[in-house]
Structure formats: structure tokens, C-alpha cells
Amino acid sequence: MNDWAKILGTSSVMAALVSWFAASYKVDQELRSRQIEAGYESLVKANTLAWQSLGLKEEAEREKNSALTDESQRLKRESDALYISARQTITAFGDERVVKALSDYYAMYKGASKPCPDKERFMVDTKIYKAIRETLGVGGNVTDEQIANLMYTCSLK
């Protein structure tokens, strides 16, 4: 086989590999983008439902309307479920600035400054989320404490 045939054969293999890696990278980026968007969308929807629930609760109390009370409670349960989903998704896939901001919020307003009941277990759990972030390349400087504040509404200190 002459040198040109070897070069062309090697070039073809290299081109195929580059094409495969580029396609794989694009799929990974799209998947990560959708996961992040899903977390942010869940957070916004949870906030919307929480405010709707609060408004209905106030109206139900004024009017002494049990149907509005029931609807307010249903919206609150739906909001709570979305908050949990959003927090988990954002902790795993979100930008470190968003994780830090939410962690600070939960520490200040949601009681996340209280000690975690089983510190050792929560430390192991935070390592899982850090590993997910590192594996996906989102990493950043997200601390165990920030993850615990956001995920478990408690402090590892």
C-alpha cells in the first residue's frame, strides 16, 4: 500500500471519529440543556402555583369558602412537588450561581440553617450530587453545604 492510500485511509477514519464525537457532544449538550431548562421551568411554575395558592387561601378565608380552601391546598401540594423536583434538577444540572442563590434563599427563609438530622448520610448524598455535576461537566464551586441547604433544607455544620 502506498503512502497516499495510508494517509487517505487514516484521514477517513479520523473524519469519522471527529464526526461521531461532535454528534455525541451535541446530543450531550442538548440533553443537559433540556434538563437545566426543566429545572428552571419547574421552579418558575412552582412559584406561580404557590402564589396562586396563597391568593386562593386568602380569598377562601374571607369568603369562608371550603371549595376555595380545597383548591388552595391542591395547588400548594402541586407547588411543593414541583419545588422538590426543581431543587433536585437544579442541584444536579444547574449553574453554580443558581445553586448558590437558591441555597442562600433556603438557608435564610426555609430553615435550611438547622442541623441535618443524620449528617453522615447527608454527606454521602451530597457526594452523589457533586459526582453527577463533575461527570456532566457542570461542576463549579458548589459546596456540600449548599447542596444540603438546597436538597435537604438543613445544614451540615
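**Figure 1. K64 in the loop between α1 and α2.** In this predicted model, K64 is found in the loop that lies between helices α1 and α2. Although K64 is not a glycine, its phi is positive, at about 50°. The residue is exposed, because its relative accessible area of 74% is above the limit, which is set at over 50%.

**Figure 2. The N-terminal end of α2.** Helix α2 is capped at its N-terminal end by N65, which places a side-chain oxygen 2.9 Å from the backbone nitrogen of A67. The helix covers residues 66-93, and at 1.5 Å a residue its 28 residues should span 40 Å, which agrees with the 40 Å that separates its end C-alpha atoms.

**Figure 3. I84 within α2.** I84 is found in helix α2, where it counts as partly exposed because its relative accessibility is 44%; that value falls between the limits of 20% for buried and 50% for exposed residues. L43 is 41 residues away from I84 in sequence, yet the C-alpha atoms of the two residues are 8.8 Å apart in space.

**Figure 4. S53 and its contacts.** S53 is found in helix α1, which runs over residues 3-63. With a relative accessible area of 4%, S53 is buried. When its neighbours within four places in sequence are left aside, S53 is in contact with S72, L75 and K76.

**Figure 5. The largest pocket.** The largest pocket holds about 580 Å³ of space. It is lined by 23 residues, of which A50, K76, S79, Y83 and K110 are the closest to its centre. Helices α1, α2 and α3 (96-109) each supply at least two residues of the lining.

**Figure 6. Helix α5 and its surroundings.** Eight of the nine residues of α5 are buried, so this helix is largely enclosed by the rest of the structure. The buried residues in α5 are D144, E145, Q146, I147, A148, N149, L150 and M151. The partners against which the buried residues of α5 pack are α2, α3 and α4 (119-136).

**Figure 7. T153, just after α5.** T153 belongs to the segment that comes after α5 (144-152). Just after the helix, T153 takes a positive phi of about 55°, although this residue is not a glycine. T153 counts as buried because its relative accessibility is 15%, and the limit for that class is under 20%.

**Figure 8. The chain as a whole, for orientation among the close-up views.** The chain contains five helices and zero strands, and, read along the sequence, its pattern is α-α-α-α-α. Of the 157 residues in the chain, 31% are buried. The accessible surface of the chain comes to about 10400 Å², and carbon and sulfur atoms account for 59% of that surface.

Technical notes:
Residues are numbered from 1 along each chain as its sequence is written. This is a predicted model: local features need pLDDT of at least 70, side-chain atom pairs count only at pLDDT 80 or more; totals for chains, interfaces and linings use all residues. Side-chain values use heavy atoms; hydrogens and water are left out. Helices (H or I, at least four residues) and strands (E, at least two) are DSSP runs, numbered from the N terminus. Buried means under 20% relative accessible area, exposed over 50%, partly exposed in between (1.4 Å probe, protein chains only). Accessible areas come from the Shrake-Rupley method with a 1.4 Å probe; for residues, only the protein chains shown count as cover. Contact means heavy atoms within 4.5 Å. The expected span of a helix is 1.5 Å times one less than its number of residues. A polar contact is a pair of N or O atoms within 3.5 Å; within protein, one must be able to donate a hydrogen and the other to accept it, and residues adjacent in sequence count only if both atoms are side-chain atoms. On a 1 Å grid over the protein atoms alone, a cavity is a set of points where a 1.4 Å probe fits but cannot get out, and a pocket is an open set with protein on both sides within 12 Å along at least five of seven lines; lining residues have an atom within 4 Å of a point. Grid points are joined across faces, edges and corners, and a volume is the space filled by probe spheres set on the points.
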